[in-house]
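Please look through the sequence and the structure shown here, and then work through the questions below with both in view.

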Amino acid sequence: MTNIWITVAVITGIATVLALLLTLADAFIADYGERRIKINKEKELVVEGGSTLLSSLVSNQLFIPSACGGKGSCGYCKCKVNSGGGPVLATELSYLSESDIKNNVRLSCQVKVKEDMEIEVPEELFNVKQFKAAVEISKDVTPKIKFLRLKITDGQEIKFKAGQYIQLIAPPYPGNQEEVYRAYSLASYTGNLSFIDLVIGYVEGGLLTTYVHKHLSVGDNVAFNGPYGDFYLQDTDAEVVLVAVGTGMAPILSILYELKNKGINRKATFFFGARTIDDLFMLEEMSMFERELPNFKFIPTLSKPQPEDNWQGEVGRVTDAMQKHLKADSNQEAYLCGSAPMINSTVEMLKKKGIPEDKIYYDKFD
Amino acid sequence: MPEINPFVIFFAAIFTSNMILSNFLGMCSFIAVSKEIKTSLGLGQAVTFVLTGTTVINYLIYHYLLVPFSLEYLRFIVFIITIAAFVQLVEMIVERYLPNLYYSLGIFLPLITVNCAILGVSLFMVIRSYSFVQSIAFGIGSGLGWTLAIVAMAGIRQKLKKAPIPKGLQGPGITLIITGLMALAFIGFSGIVRIQ
């Protein structure tokens with residue numbers, strides 16, 4: 001019996017001493033005091049030193065995109081650290097290109113705030129906020145795609161550019177134990193500051209899509225942050241070529257609302273790909289756009305039309321329809337949204353048609 | 001057991017009883033980090049430092065705490081806790097006060113917590129009943145031996161980048177084969193000294 005007590009006492013004693021040492025070290029040695037982060041030479045944050053740049057910025061409501069949550073495995077949280085970041089760490093190297101390193105680009109989840117820093121982030125990130133909202137509309141537009149309208153309930157307004165995306169946050173729900181967030185493009189008009197529209201497809205086993213399709217109903221509270229992204233309608237007078245498949249229609253809708261509501265009279269053609277007639281959606285909106293926008297044409301194309309659908313329109317992939325209907329013109333801009341294979345083949349085709357690569361903008365789903 | 005001169009233990013730990021090449025301990029970071037001479041030298045220094053430090057601490061804990069209470073069988077768990085805490089403490093101190101050292105060496109410290117060469121040295125020290133001075137010599141020697149092996153490997157692997165290696169053997173495969181050849185070469189030292 002005494003033996004047991006001695007064993008427990010010795011192990012406890014050693015563990016206590018070590019725990020005490022580490023706690024003291026954490027409190028005194030790893031205490032970096034207050035540090036200043038100067039952002040884009042204008043804004044200044046005062047933060048508690050010692051934690052990573054990413055978490056310091058996020059806790060000050062500056063939302064740098066990060067898909068992996070700071071584990072250093074996605075490489076999204078890049079920002080320019082002009083001073084105070086120390087040398088590039090071995091853990092960052094695989095995500096930084098040579099020109100990144102030359103330009104002081106770092107992974108903000110790996111850089112720790114130990115001294116005063118000067119950093120640069122894209123200006124639009126200042127617009128990124130965390131929003132609380134409630135589901136106002138939730139309807140199935142196809143058997144696998146839901147349309148969601150989220151009304152912002154915390155009194156804030158969302159300002160974004162047509163084509164940008166937000167990150168929707170799913171709290172833990174039965175079957176998923178941790179909070180997850182995923183990016184979804186905004187489908188609403190940029191002039192609507194009090195609500196957002198999302199178009200969310202169901203993916204078998206997808207954590208967020210399962211949440212939206214199986215657990216979320218009208219009136220529920222949700223949270224999201226945004227807007228993000230450099231995919232948005234450019235301010236030019238070029239002809240607009242819009243290409244999307246499935247839920248990729250979301251940012252295109254926002255772009256079309258932008259054209260209609262702001263009276264922008266640019267020639268626009270929207271190539272939309274789906275499998276069967278059941279997978280087409282927002283058809284009323286499309287015919288509304290065709291009525292309201294004099295130079296707009298909607299060209300849906302089905303890859304697998306069923307005989308009973310009696311489909312009269314285009315058959316094949318979007319690239320087939322584009323091959324047929326798209327007339328090359330030197331003054332064109334293309335906006336694509338969809339899966340990686342669709343984007344890759346469409347970009348190839350557009351380049352062959354003569355649209356320069358820097359006029360092709362896309363938002364690729366993973 | 002006859003008293004062995006600490007210097008003999010020191011040299012034996014580097015050449016004839018090399019942690020990697022004759023005991024095959026600490027292979028994980030040996031294979032993962034031996035791509036560049038510079039980084040492997042950094043890791044080697046960190047291993048040497050931690051080995052020496054933990055050997056001293058574990059020696060004291062073992063002989064002044066575990067042996068008096070006849071709790072020798074607890075040495076595994078106690079050594080592991082001490083190593084982990086020591087590494088973390090060192091990491092904090094280096095990060096705070098020696099930033100340059102931290103960037104070259106400190107980021108490897110978390111890798112070492114689970115390096116079995118470190119636990120191996122502490123256990124060998126107990127099994128072979130080394131005295132305090134012998135233990136220190138053994139700790140430093142093992143660390144230097146580990147460094148020698150990983151730096152040599154990194155040198156070879158830097159050359160290998162230009163060599164046409166069959167696809168299936170690239171990376172860890174060829175590294176393990178080279179490790180074997182290096183171990184064979186190190187047998188050549190075995191006539192000099194021998195410790196068990």
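The questions and answers that follow concern a predicted model.

Q: How many of the seven residues of strand E13 (residues 268–274) of chain A are buried?
A: Both faces of E13(A) are covered, with A:Ala268, A:Phe270, A:Phe272 and A:Ala274 buried on one side and A:Thr269, A:Phe271 and A:Gly273 buried on the other. In a regular strand the side chains alternate between the two faces of the sheet. Strand E13 of chain A is therefore largely enclosed by the rest of the structure, and the number of its residues that are buried is seven of the seven.

Q: Through which helix does the chain cross from E13(A) to E14(A)?
A: E13(A) and strand E14 (residues 296–302) of chain A run parallel and are joined by seven bridges, and A:Phe271 stands opposite A:Ile299 in E14(A). The β-α-β crossover from E13(A) to E14(A) is right-handed, and the helix that the chain crosses through is H6 (residues 283–292) of chain A.

Q: Which strands stand at the edges of the open sheet of six strands in chain A?
A: The order of this open sheet is E9-E8-E11-E6-E7-E10 (chain A), with antiparallel pairing, and its neighbouring strands are turned by 40° against each other on average, direction ignored. Two strands have a single partner strand each, so one side of each is left without a neighbour in the sheet, and these are strand E9 (180–185) and strand E10 (195–201) of chain A.

Q: Which residue in E10(A) does A:Lys146 stand opposite?
A: Strand E7 (residues 145–152) of chain A pairs with E10(A) in the antiparallel sense, over seven bridges. In E10(A), the residue that A:Lys146 stands opposite is A:Ile200.

Q: At about what angle to E9(A) does helix H4 (residues 207–215) of chain A run?
A: Helix H4 of chain A lies across several strands, namely E7, strand E8 (165–170), E9, E10 and strand E11 (221–228) of chain A. Taken against E9(A), helix H4(A) runs at about 80°.

Q: What percentage of the contacts in chain B with a separation of 6 or more comes from residues 24 or more positions apart?
A: The secondary structure of chain B comes to nine helices and zero strands, and 50% of its 196 residues count as buried. Chain B exposes about 9,300 Å², of which carbon and sulfur atoms supply 72%. Among its contacts with a separation of 6 or more, the share from residues 24 or more positions apart is 80%.

Definitions and conventions. Residues are numbered from 1 along each chain as its sequence is written. Chains are lettered from A and ligands numbered from 1 in the order in which they are written. This is a predicted model: local features need pLDDT of at least 70, side-chain atom pairs count only at pLDDT 80 or more; totals for chains, interfaces and linings use all residues. Side-chain values use heavy atoms; hydrogens and water are left out. Buried means under 20% relative accessible area, exposed over 50%, partly exposed in between (1.4 Å probe, protein chains only). Helices (H or I, at least four residues) and strands (E, at least two) are DSSP runs, numbered from the N terminus. Two strands pair if DSSP finds at least two bridges between them. A crossover is right-handed if, with the strands pointing away from the viewer, the path from the first strand over the helix to the second runs clockwise. Contact means heavy atoms within 4.5 Å. Accessible areas come from the Shrake-Rupley method with a 1.4 Å probe; for residues, only the protein chains shown count as cover. Axes are lines fitted to C-alpha atoms, for helices over the stretch in contact, and angles run from 0 to 180 degrees between N-to-C directions.
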